[in-house]
Amino acid sequence: MTDHVESRVRWLLVSWLFILSAVAYLDRINLSIAGSFIASEFRLTNVQLGSLTSAFLMGYALFQTVGGWLADRLGSRRVLAVGVLWWGIFTSLTAAVPSTIVSAVLVLATARFLLGAGEAVLFPASNQFVSRWIPSQERGKANGLIFAGVGVGAGSTPFLITYIMVHYGWRWSFWMSAIIGLAAGVVWYVIARNTPEEHDRVSPAELQHIQAGRTVGRSASSGAAKESSIAATEDRILWSTILSSKNVWAVTLAYFCFGYVAWIFFTWFFIYLAKVRGLNLKASASYTTLLFLSMAACSPLGGAISDKLTKLHGKRIGRCGIAVFALLLTAVFLTLGSQVQSAGLASVVLAGGAGALYLSQSSFWSLTADIASGSSGSVSGFMNMGNQLGGALTASLTPAIAARFGWTTSFLVAAGLSVLGAAAWLLVDPERALAPENKLSPSLE
C-alpha cells in the first residue's frame, strides 16, 4: 500500500459498529418476543412483565452519561469491548434464573437493569469513535449507517428468536443472543483502535484525510503517541460548560421528543395493529417488519443527505435543516396515519412516519461530535439520556392517553412532540462549539 492510496479502515469499523448496534437491539427486544413464555414459566402478570422492560430502560437511561464519560477517558475500543461482554453476561443470567427461584420478578428485573446499564455505553462510545475517526463532512453517513443497525436488529429479532424458541426453548434464545454478542465484541476489540494514529492498517493518505476534517485532537496530529493518549485533557470540556450550553439543552429536548415518538413504534405499534386495527398476527408482524426496514433505510439516507447539504450549504442547513424537516414530516405522517380508515394504509403511513423520524437520527449525533470536541462521548450520552426519558414516558403515558381519549389522540400527542422537537432544533447553532478547557484538573472533570 503506497502513501497515495487511501485505505478504508474507518468504514470497516463503522460497519462493525452497525453490527454491534444490531446486536444490542437483539439483546433488548428478545424479551418482548419471549415474554409470554417467560411470564408463563415464572407466573408473572402483564404488569410484572412490563416492569422488566421498565427496569432495562431505567438502567439504560441512568448510565448514558457515565458511558460517554468512560469513553472519553478510556477510548471506544475498550469501553465497547467491555460493554458487549457485560451484555453477554447479563443476557445469559436472564436465561439462567431457575423457574423455582423466590422473588423471580426482582431477580429478572435486576438482570435487565444491569443489561440496560451495560448497553448504555454503546452509542456514546460510538460517537466518541466518530469524533476521532470520521471527518466532519462524513459524519452524517457514518452515524446513519451505525443507527441503521437499530432497524436491522429490531427487524430480524422476531424471526431469529422465534425460530430458536420453537426448536430449543426460550432460554436458548437468550444464550444464543449472548454468544452472538460476545463474538461481535471480540472481533471489535481485535480490529479496532482508539484513534487512527494507532491503527497500523490506516494508510498515510487515509490518516491525512481524517485529520484534515477532524474537530478533535488536531493539535496532536503530529505525534501518534500523544494522540493515542485518550486521557489527555487538551480538548476536554468542563461539565459546567456543557450544562450551561443552549445547544446542549436544545438538542437534548429535541432528542427527548424523538425518543417519545420512537418508543411508540418500538413498544406499541405491534399491539396497536393487532388490537386496535384488527389485523391478524401475520399481518401485524409484516407491517412491524416494514416499520423497522423503513428505519434501517432512512437512517443512512438521512445521514447522506445531511452530509451533502452540509457540504453545499453549511451545517445550519445540513445538520439542523434536515432534522427540522424530518421531524415535521413525522408529525404529518402520524396525524394522517392515525386517522386513515383502512388498516393496511394506516400501517404503511405510520411506518413511513418511523422512516421520516429516522431521517433525523444522524443529525443528533453528528452535531454533538462536531461541537463537543474531546467530550463528545459525555455530551452525546447526556443527550441520549433525554431520548431514553422520552421513551420511558411513552411506556406509561401513551396507553393512558389511549385508554381515556383513544389511540388517535395518542398519535396526535406524538405528532405535537415531533413539532416541538423541530422547534428545538431551530435554537441550535451548529457552528458554535463548546469551548475546551485546556488546563483541566482531573478532580474537576
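Student: At what angle do helix α3 (residues 64-74) and helix α6 (residues 122-133) pack?

Tutor: In this predicted model, local features need pLDDT of at least 70 and side-chain atom pairs pLDDT 80 or more, while totals for chains, interfaces and linings use all residues. Residues are numbered from 1 along each chain as its sequence is written, and side-chain values use heavy atoms, without hydrogens and water. Helices are DSSP runs of H or I with at least four residues, numbered from the N terminus, and axes are lines fitted to C-alpha atoms over the stretch in contact, with angles from 0 to 180 degrees between N-to-C directions. The axes of α3 and α6 are 8 Å apart, and the helices pack at an angle of about 35°.

Student: Which residues of α6 make the contact with α3?

Tutor: Contact means heavy atoms within 4.5 Å. On α3 the contact is made by Q64, G67, G68, A71 and D72, and on α6 by P124, A125 and Q128.

Student: Are α1 and α2 roughly parallel or antiparallel to each other?

Tutor: The axes of helix α1 (residues 9-42) and helix α2 (residues 46-62) come within 10 Å and cross at roughly 155°. Angles under 35 degrees count as roughly parallel and those over 145 as roughly antiparallel. Therefore α1 and α2 are roughly antiparallel.

Student: Where does α1 bend by about 65°?

Tutor: The bend at a residue is the angle between axes fitted to the seven residues ending there and the seven starting there. For α1, this angle of about 65° is found at A34.

Terms used:
Helix = DSSP H or I, 4+ residues; strand = E, 2+ residues; numbered from the N terminus. Parallel < 35°, antiparallel > 145°, perpendicular 65-115°, else oblique.
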